[in-house]
Amino acid sequence: MGLPSLDTLRSWFAAYCRGYYGDDPAARRNIVLKEGHTARVCDNMDRLTASLDLDSHERHCAAVVALFHDLGRFEQYRRFGTFRDADSVDHAQLGVRVLAEEGLLRDADAADRAVILQSIALHNRFALPDGLDYRGLLLARLIRDADKLDIWQVFVEFYAQPEEERASAVGLGFPDEPHCSAEVVRRVLSGEMVRLDMLRTLNDFKLLQLSWVFDLNFPASYRIAAERDLVGQLALTLPQEESIERAVAVVRRRLVQCMKEDVAV
Ligand SMILES: [Fe+2]
C-alpha cells in the first residue's frame, strides 16, 4: 500500500517510453529527448529537495512528480506530432489523465495522490493560482524550477548541435529571424516574465526562457543555473544588440542576487 517505490515507477516509465519509439528516426529523437529531459528533471528535483532538507516521504512525492510531470508528452506527440500545447492539447492535463488511466497511484494515500496530480497539472502554467496549501505550493514550485532548469539546458544543447541533428520539436516552430520583438525585450528589461503569446521569433523564445529567472523559487535553483552558466550560454546565441545585452544584464543581476537569498517556502 501507499506510493509505489521509485524503482517500480521508474521501470514502468522506461517501458512506457519504449512503447512510443516507433520506426521514424525524427519522431524517435523527439521521444528520446523527452525521456532524457525527465531523467534530468528528476536529478534537479533531488538536488532541490536535498537543499530544503525535506523528509523522506515528501522527497518521494516530489520525485514522483518529477518522473511523471511530462507523461502527457508521449501521447501528445503520438496524436499531434508536436510539443506545442497551443496547437494540440495541454500536455500537463493529458499527463494527469494518463496517470489516472494507468492506475499507478491507485494505492497511494488520497492526499498524496491529489497533491501529486495537482503539481503535474500546474507545472506548465504561466503562474500558479492563489489559494494553494503549503504542500501544494511546495511541490508545484519545486517541479516548476526543476523543469525550467532542464528546459534551459535542452535549449542550450539544441543550439550547439548541427541543424540536421536537432530534434525538430524543440524550437516550437518559431522562425529563426535575427531579432527580438521590442515588447519582449521591454518585458525582460522591466524584470517581468515574457508570455508565450508575445513571441514572434525563436530569439523571442530565448528571451522568454531567460525571463524565467524572475520566476524561480529556491536559492538552489539559482545556484544550479549559475553553476551551469545557463544564462551565459543562452545569451551567446542571441543577436548582438544593445537593448538585448541590457536585458541579459538584468537577468544576470537577478540571478546573482537570488542565489544568496533565504529559502522562499
Ligand atoms: Fe512539461
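**The iron site and helix H6**

Modeller: Asp70 is buried, with a relative accessible area of 3%; buried means under 20% relative accessible area, exposed over 50%, and partly exposed in between, using a 1.4 Å probe and protein chains only. This is a predicted model, in which local features need pLDDT of at least 70 and side-chain atom pairs count only at pLDDT 80 or more, while totals for chains, interfaces and linings use all residues. Residues are numbered from 1 along each chain as its sequence is written, and side-chain values use heavy atoms, with hydrogens and water left out.

Asp70 (OD) coordinates the iron ion together with His91 (NE2) and His123 (NE2), at 2.0 to 2.3 Å. Donors are N, O and S atoms within 2.8 Å of the metal (3.2 Å for Na, K and Ca), and the site may look incomplete because water is not among the atoms. Along the sequence, the donor residues follow the spacing D-x20-H-x31-H. Helices are DSSP runs of H or I with at least four residues, numbered from the N terminus. His123 is also buried, at 5% relative accessible area.

Next comes H6. This helix has 13 residues and reaches 18 Å from its first C-alpha to its last, close to the 18 Å expected at 1.5 Å a residue. The expected span is 1.5 Å times one less than the number of residues.

Buried residues of H6 include Asp112, Val115, Ile116 and Ser119. The buried residues of this helix pack against H3, helix H5 (91-102) and H7, where contact means heavy atoms within 4.5 Å.

Salt bridges are the last topic. A salt bridge is a side-chain nitrogen of Lys or Arg within 4 Å of a carboxyl oxygen of Asp or Glu, and the structure holds 15 of them. In one, the side chains of Glu192 and Arg187 meet at 3.8 Å, N to O. Salt bridges that share partners join Asp112 with Glu58 and Arg135 into one network.

Note on methods: Helices (H or I, at least four residues) and strands (E, at least two) are DSSP runs, numbered from the N terminus.
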